[in-house]
Amino acid sequence: MRSDAMLEVQNLKMHFPVYGGFFRRVVGHVKAVDGVNLFICPGETLGLVGESGCGKTTTGRCIIRAYKPLDGQILYRRADGSVVDLAPLDDQSLRPYHREIRLIFQDPYSSLNPRMPVVDLVGEPLKVNKIATGKELEDRVAELLRRVGLRPEYMKRYPHAFSGGERQRIGIARALSLNPRLVICDEAVSALDVSVRAQILNLLEDLQAEFNLTYLFIAHDLSVVEYICDRVAVMYVGKLVELASTDELFAQPQHPYTEALLSAVPQPDPLIRDQKQRIVLGGEVPDPANPPSGCYFHPRCRYSDGARCMNETPALRETTPLHFVACHYAEKLSLRGVIAPRILA
Ligand code: SF4
């Protein structure tokens, strides 16, 4: 494991069976995550982006061990420096890590039980882990609500009494209740209006600084990722195709898929917007149950050589320091990035 990493995922695989025929036999597998390697350093925010169905949410679910991966390692460094592989652990052994690695869900409407008041929603992890009950629990919930910008006197109310942004703040308070070290934000702002989105992103940044949190930020919106992430990992059909610092990835992408994603980022500056040309990818996103041969991106790649690209799977390799790319021709291509303004569009 890298000495600077808090979490390192090595060759992570998660395949789901596909059933068919009269006897509902297994007729194939959806390769939702197909050999992902990434690492997250303490205190940083790593963005994980890609189109819907690319495997980014499944990767997050494997890391919190909602799924047991088919293969690979999830190496996690604890506060005392010891390293544990979370991948093979059973439910009992995972319990302490469930306190340290928490999830913030995408949808603040469906992720909160409508029959539970806020005090129970936020306080449940404290109760389940026998950390606090009664008055002490209420005091801790009040403090958590204050910290996420909600009034503690609202703790007896039910989720329907809150707006989408307020519900997401409740979800964040719940995630923070056990003092986690690593928080996985799964499309945490995707369901929110743009103005509320910026408030929640700012709150996440403030909480990160205050509690020394590390984030894995799963999103499909690159302008959100640019706003909050230190580094970005790009996924395509279950594989990581590029991983670099946010500034470098936006300014000098080295993978054709990243270039195409960046060309669709909205540009608020009309001068830059006029010069920009959107790259429209041909064809459909491949079926992860039946991916193309060689480079999975080759049927849609305008730089494909038609031979090596079709037959040889490119490995993720470090082309420049801390810039990892899975493309045979990364060093030869001259791809267009964007000048990324740090505002949400
Ligand atoms: Fe395109 Fe070939 Fe690079 Fe794949 S390996 S991204 S097909 S140039």
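In this briefing, Ala, Val, Leu, Ile, Met, Phe, Trp, Tyr, Cys and Pro count as nonpolar, Asp, Glu, Lys and Arg as charged, and the others, Gly among them, as polar. With those classes in hand, welcome to a tour of a predicted model. Rolling a probe the size of a water molecule over the atoms shows where empty space is left.

**The largest pocket**
- Start with the largest pocket, whose volume is about 550 Å³.
- It is lined by 21 residues, and the ones closest to its centre are His98, Arg102, Pro125, Arg174 and Leu178.
- Sorted by class, the pocket lining holds eleven nonpolar, five polar and five charged residues.

**The cavities and the ligand**
- Searching the whole structure turns up three cavities of 30 Å³ or more.
- The largest cavity holds about 100 Å³ of space.
- Among the 15 residues lining the largest cavity, Pro256, Cys295, Cys301, Cys309 and Cys327 are the closest to its centre.
- Its lining is made up of eleven nonpolar residues and four polar ones, with no charged residues.
- Around the ligand you will find His255, Pro256, Cys295, Phe297, His298, Cys301, Tyr303, Ser304, Cys309, Cys327, His328 and Tyr329.
- This shell divides into eight nonpolar residues, four polar residues and no charged ones.

- Is Gln208 buried or exposed? Its relative accessible area is 13%, so Gln208 counts as buried, because the cut-off for buried is under 20%.
- Setting aside neighbours within four places in sequence, Gln208 touches Gly43, Glu44, Thr45, Leu213, Thr214 and Tyr215.
- Along the chain, Gln199 and Gly165 are 34 residues apart, and their C-alpha atoms are separated by 8.4 Å.

How values were computed
Residues numbered from 1 in each chain as written. Predicted model: local features only at pLDDT ≥ 70, side-chain atom pairs only at ≥ 80, totals over all residues. Heavy atoms only, no water. 1 Å grid on protein atoms, 1.4 Å probe; cavity = no way out; pocket = protein on both sides within 12 Å on 5 of 7 lines; lining within 4 Å. Points joined across faces, edges and corners; volume = space filled by probe spheres on them. Near = heavy atom within 4 Å. Buried < 20%, exposed > 50% of the residue type's maximum accessible area, 1.4 Å probe, protein only. Contact = heavy atoms within 4.5 Å.
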